[in-house]
Amino acid sequence: MLSKVYSATLQGLNAIPVSIETSSEPSTDHSSFIIVGLPDNAVKESQERVQTALRVNNFSQNERRTVVSLAPADLRKEGSGFDLPIAIGLLASYGVLTEERLERFMFVGELGLDGSILPVKGCLPIAIKARAQKFEALFVPEENAREAAVVDTLKVYGVRHLNDVISILRGQTLFAPTEVNTREEFYASQSIFDCDFSEVRGQENVKRAFEVAAAGGHNIILVGSPGCGKSMMAKRLPSILPPLTLEESLETTQIHSVAGKLQRHSTLISQRPFRAPHHTVSDVALVGGGATFMPGEICLAHNGVLFLDELPEFSRNVLETLRQPLEDRLITVSRARYNLTLPCSFMLVASMNPCPCGYHGDAQHDCVCTPGQIQRYMNRISGPLLDRIDIHCEIQAVPFAELSQMQPGESSAAIRERVVGARKIQELRFRNCQGIYCNAQMTERMLHEFAEPDAASFNILRMAMERMKLSARAYTRILKLARTIADLEGADNVQNHHIAEAIGYRALDRGN
């Protein structure tokens, strides 16, 4: 008997529908089980999982020739999520289930040997595709149900066991679909953070730099001796960034769903992601790819923060892969089996010591490095990469006498309020510009339109360009920063003190 059920496979961040045709007929010679349609090893191994689960639950039939065809046949099928639909197809071919009902449903899930249904990756993009294809309902593992139920107008059944699916399809069990109040849960958890800038004492100039960076979406690098607070403040940056919109949250959650990074029973990601890969990360792990596609760290940081601690310790090859994503906010991953373009609009936050020993310029410690060692250490970061970082901020350690007497600083909520106000100005400014949301994304034409300095400001900028030998890219970065500083003040035009502050954030362009 021939049966047909539906599932989906992932290609990049999108799901592609897959029809699973199953033919199972009695055989007088010997039993066989064949899966065709470019299955990977995980799909091929589903034969043993499915047959054992059916046998344990008394649904197996001996001496049969079974062929499972996954269409489209020229598309490679990957992952263990085909276990459940293959099992349902076999049950339909045995006559246990009625095929007419199956055409309205999509199935995805991995089977345990006892028939339990285990979680899989990518249920959110599969749910989005199921709704687009007008399916009535989607069957997913219980742990993935809330993730998939984010998609409205689609019934999502989170099931624990193969017998639960059979009972629902037969109409023997009244099983309610999973429902999630997406908006209520999303907005309720947007302002809950583990870290707050009020816990940082002193370092007011660094806090100001972070406020400017958050207000305009600018990249920032922190230079200071060990223990001065670089990592501590970087981890608090998401608490002052503007809240995610529902559209941004859905896009971010989709990436993390494909990567399998969502926690069980989770829904939409409500806070901007903060990714901090170790300096031993490979270039493939950073940008994504692999024989089986996996989003890299820059994609997982989309709409959030990518923090690179101890920047000079990263492989130079790894750092140079950041050049194009920082400019285009997209990454194209080309491999033998696929070619994918992925979003990676993130804020880069980097930190480093000023020299190999870490104490060059520190008032409390003596540096033991020679000028040559310091220069070689700084040269580990290429000029083109530094040019793409808008804010260079120097940090000095706060002395104990001052640290012990200082009162808690300004809260993240207060800083975030000013940042959101500046972003609203930018949102209004760029309302007619497709794909532009903050000052850091401005093009050359927009700089002339929105950030043109007056005569006095232009003279200050010209002197800085000549004395510091700045590049043309640094020139545009200064103008973008000045525009953001003006937005924080609510000023209509860029003025000379805005330009002066922006120039002050180019510390690593000053030579020594």
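Colleague: How much space lies in the largest cavity?

Modeller: This is a predicted model, and in it about 40 Å³ of space lies in the largest cavity.

Colleague: What makes this space a cavity, and how many cavities of 30 Å³ or more does the count come to?

Modeller: A cavity is a set of points where a 1.4 Å probe fits but cannot get out, and by this rule the count comes to one cavity of 30 Å³ or more.

Colleague: Which residues line the largest cavity, and how do they divide into nonpolar, polar and charged?

Modeller: The lining includes Gln190, Phe193, Pro238, Leu241, Ser270 and Arg272, and Arg416 also belongs to it. The residues of this lining divide into six nonpolar, three polar and two charged; Pro counts as nonpolar and Arg as charged.

Colleague: How do you know that the span of helix 3 is close to the expected one?

Modeller: The expected span is 1.5 Å times one less than the number of residues. Helix 3, residues 83-94, has 12 residues and reaches 17 Å from its first C-alpha to its last, which is close to the 16 Å expected. The helix is followed by Gly95, whose phi is positive, near 90°.

Colleague: Why does one side of strand 11 and of strand 18 lack a neighbour in the sheet?

Modeller: Five strands form an open sheet in the order 11-14-17-10-18, with parallel pairing. Strand 11 (274-275) and strand 18 (391-395) stand at the edges with a single partner strand each, so one side of each is left without a neighbour in the sheet.

Colleague: What makes strand 14 and strand 17 a pair, and which strand do four bridges join to strand 17 as well?

Modeller: Two strands pair if there are at least two bridges between them, and strand 14 and strand 17 have four, in the parallel sense, with Phe307 opposite Val349 in strand 17. Four bridges also join strand 10 to strand 17, again running parallel, and there the bridge partner of Val223 is Met352.

Colleague: Why is strand 17 called mostly covered?

Modeller: With buried meaning under 20% relative accessible area, six of the six residues of strand 17 are buried. Met347, Val349 and Ser351 point one way from the strand, whereas Leu348, Ala350 and Met352 point the other way, and all are buried.

Note on methods
Residues numbered from 1 in each chain as written. Predicted model: local features only at pLDDT ≥ 70, side-chain atom pairs only at ≥ 80, totals over all residues. Heavy atoms only, no water. Helix = DSSP H or I, 4+ residues; strand = E, 2+ residues; numbered from the N terminus. 1 Å grid on protein atoms, 1.4 Å probe; cavity = no way out; pocket = protein on both sides within 12 Å on 5 of 7 lines; lining within 4 Å. Points joined across faces, edges and corners; volume = space filled by probe spheres on them. Buried < 20%, exposed > 50% of the residue type's maximum accessible area, 1.4 Å probe, protein only.
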